[in-house]
Amino acid sequence: MIRALFSAASGMTAQQLNVDNIAHNLANANTAGYKTRRAQFQDLLYQSMIQPGASAGQQTSIPTGLQLGLGTRASSNEILFTQGNFAATENPMDVVIQGRGFFQVRTTNGELAYTRAGSFHTDRDGNMVTSDGDPLEPQITIPSDAQAITIAPDGTVSYKQPNQTASQIAGQLQLALFANPAGLDGLGKNLYKPTDASGDPQVGQPGGQEGIGALLQGYTEQSNVSVVEEFINLIVSQRAYEANSKVVKAADEMYQQVNNLATR
């Protein structure tokens with residue numbers, strides 16, 4: 001019965017973490033470029049009373065054995081990088097990636113980070129930056145008097161200046177591709193950094209390298225969170241939590257019966 005208590009307690013802890021993960025997904029249902037996280041679990045160690053396949057005689061073996069599990073634990077919360085819906089905007093600095101690539105951003109500490117959120121602005125020097133002021137890598141500068149800013153599918157940023165008919169090229173956007181994007185480390189602020197699990201970034205021109213994706217100007221990528229699916233997961237997790245709590249209650253009542261044997 002002590003085993004039952006600890007197994008049920010581990011189930012309650014796991015479901016509590018699952019609810020925390022669901023709450024985070026729902027909180028970011030309207031966050032541009034956000035990618036949903038899916039909690040995953042695994043069973044704990046088994047206590048073998050009878051080992052499967054153990055010898056039962058000279059020419060026979062036990063077919064199944066007797067093993068009692070010790071509960072569950074959360075093993076990961078995988079990032080699902082499925083494409084989110086595109087929302088049209090009036091801002092020529094909004095860009096979406098039609099593929100698996102990431103924008104490169106130079107953070108305040110000088111390190112490179114990666115994002116799917118393509119809502120950009122220009123700072124006081126005309127550099128293309130994120131909403132937090134982090135510049136793109138490679139850096140792209142647009143003059144303050146620029147008109148008709150165009151971002152081509154291949155990442156070429158061009159503009160026109162007053163009294164000029166020819167377009168000027170400000171720079172070239174580049175994207176990064178990862179072998180295992182689910183292994184990226186989330187930094188918050190829609191930023192990720194590579195890890196040994198994600199592999200090193202493969203930098204290329206939009207629309208060139210297979211799978212890296214082309215750019216589409218005037219759109220933002222919405223969160224890929226399915227609110228309906230998250231609510232279903234929330235109900236399932238809540239029912240699992242209740243079931244484990246009933247196991248704790250049942251085991252406690254069985255202990256009470258055992259403790260009362262000596263007084264009867």
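**How the terms apply to this chain**

Modeller: Of the chain's 264 residues, 32% count as buried. This is a predicted model, in which local features need pLDDT of at least 70, side-chain atom pairs count only at pLDDT 80 or more, and totals for chains, interfaces and linings use all residues. Residues are numbered from 1 along each chain as its sequence is written, and side-chain values use heavy atoms, with hydrogens and water left out.

Colleague: Why is Thr156 called buried?

Modeller: Buried means under 20% relative accessible area, with over 50% exposed and partly exposed in between (1.4 Å probe, protein chains only). Thr156 has 17% relative accessibility, so Thr156 counts as buried.

Colleague: What makes the pair Thr156 and Asp154 a polar contact?

Modeller: The term needs a pair of N or O atoms within 3.5 Å; within protein, one must be able to donate a hydrogen and the other to accept it, and residues adjacent in sequence count only if both atoms are side-chain atoms. The side chains of Thr156 and Asp154 are joined at 3.1 Å.

Colleague: Which residues does Thr156 touch, not counting those up to four places away in sequence?

Modeller: Thr150, Ile151, Ile169, Gly171 and Gln172, where contact means heavy atoms within 4.5 Å.
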